[in-house]
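Below are my notes on the model you sent. They are set out as numbered points, to be read alongside the coordinates.

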Amino acid sequence: MLLPRLDGPRLTLRPARVDDLEFFADLNSDAEVMAHVSGRAASRSDTVEEWTRRVGERSDRAAGLGYWVGSADGRAIGRWGLGRTESDPRAAELGFRLRREHWRKGFGAEGARMLLAHAFTDLAVTRVWAGTVTANIASRRTLEAVGLEQVDEPSPGVLTFEVTRSQWRERA
């Protein structure tokens with residue numbers, strides 16, 4: 001299965017490509033964007049390593065799982081993903097990362113909603129989960145706004161959120 005282009009009211013998600021590496025490196029080079037991910041700006045080599053993992057072991061295009069670049073007004077503003085979960089092939093990990101100037105404008109939630117709809121209507125995914133740190137209040141609020149609930153704290157300061165297909169359908 002090819003990853004589809006997804007269109008929302010203000011945001012377009014298109015499948016990430018190899019030539020997006022420079023965009024990802026630029027996004028990851030902002031220390032504030034990376035504050036709750038690694039605590040520091042990422043180097044280009046860090047980004048190459050991250051995206052090698054993401055487009056390799058974390059993607060499963062046959063199952064419709066992978067990564068998208070989000071654009072608003074024709075300009076790339078962030079990345080969204082439904083990553084493969086090794087321990088549960090019917091689960092997907094939701095994630096997003098946006099340029100700082102697009103924070104608190106609803107783009108994270110818009111893209112997340114688009115991926116939840118894709119996961120639960122087009123794919124065999126039965127559960128979507130996301131992880132974040134306690135200190136990342138904006139991410140926590142976004143996850144809750146799109147219907148994920150906190151279900152676990154696997155280690156101090158790290159939170160897991162999730163929503164199942166049946167919960168998502170009940171709320172939709």
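**Notes on the predicted model**

1. This is a predicted model, and the points below should be read as a description of that prediction.

2. The buried ones are Leu21, Phe23, Phe24, Ala25, Leu27 and Asn28.

3. How do α1 and α2 pack? The angle between them is about 120°, and their axes lie 9 Å apart. Angles over 145 degrees count as roughly antiparallel and 65 to 115 as roughly perpendicular; the two helices are therefore oblique to each other. The crossing of α1 past α2 is right-handed. On the α1 side the contact is made by Leu21, Glu22, Phe24, Ala25 and Asn28. On the α2 side, Arg44, Thr47, Val48, Glu50 and Trp51 take part. Of the α1 residues in this contact, Leu21, Phe24, Ala25 and Asn28 are also buried.

4. The sheet is open and has 8 strands, in the order β1-β2-β3-β4-β5-β6-β8-β7, with mixed pairing. Its edges are β1 (6-7) and β7 (149-155), each of which pairs on one side only. Helix α2 packs on this sheet and touches β3, β4 and β5. The direction of α2 makes about 50° with that of β4.

5. Strands β6 and β8 run antiparallel, with 7 bridges between them, and Arg127 has Thr164 in β8 as its bridge partner. Strands β7 and β8 are also antiparallel, joined by 4 bridges. Here Asp152 has Thr160 in β8 as its bridge partner.

6. Strands β7 and β8 form a hairpin with 2 residues between them. Gly157, in the turn, has a positive phi of about 85°. Strand β8 itself is mostly covered, with 5 of its 7 residues buried.

7. Which residues have the most contacts inside the largest nonpolar core? They are Leu82, Leu94, Val128 and Leu148, in a core of 32 residues. Two or more residues come from each of β3, β4, β5, α3 (107-122), β6 (127-133) and β8 (158-164). Helix α3 gives the most, with 8 residues.

8. Leaving aside neighbours within four places in sequence, Leu148 is in contact with Leu94, Leu116, Val128, Trp129, Ala130, Leu143, Phe161, Glu162 and Val163.

9. Helix α4 (residues 137-145) lies across β5, β6 and β8 and runs at about 160° to β6. Ser139 is in this helix. Is Ser139 buried or exposed? Its relative accessible area is 12%, under the 20% cut-off, so Ser139 counts as buried. Apart from neighbours within four places in sequence, Ser139 is in contact with Phe96 and Thr132.

10. Two loop residues have backbone values to look at. Most residues other than glycine have a negative phi. Asp73, in the loop between β3 and β4, has a positive phi near 55°. Arg104, in the loop between β5 and α3, has a positive phi of about 60° although it is not a glycine.

11. Both of these residues lie over the 50% cut-off for exposed. Asp73 has a relative accessible area of 84%, and Arg104 has one of 74%. Arg104 and Ser71 are 33 residues apart along the chain, and their C-alpha atoms are separated by 16 Å.

Notes: Residues are numbered from 1 along each chain as its sequence is written. This is a predicted model: local features need pLDDT of at least 70, side-chain atom pairs count only at pLDDT 80 or more; totals for chains, interfaces and linings use all residues. Side-chain values use heavy atoms; hydrogens and water are left out. Buried means under 20% relative accessible area, exposed over 50%, partly exposed in between (1.4 Å probe, protein chains only). A nonpolar core is a set of buried Ala, Val, Leu, Ile, Met, Phe, Trp, Tyr and Cys residues joined through side-chain atoms within 4.5 Å. Contact means heavy atoms within 4.5 Å. Two strands pair if DSSP finds at least two bridges between them. Axes are lines fitted to C-alpha atoms, for helices over the stretch in contact, and angles run from 0 to 180 degrees between N-to-C directions. Angles under 35 degrees count as roughly parallel, over 145 as roughly antiparallel, 65 to 115 as roughly perpendicular and the rest as oblique. A crossing is left-handed if the near helix is turned anticlockwise from the far one by less than a right angle, and right-handed if clockwise.
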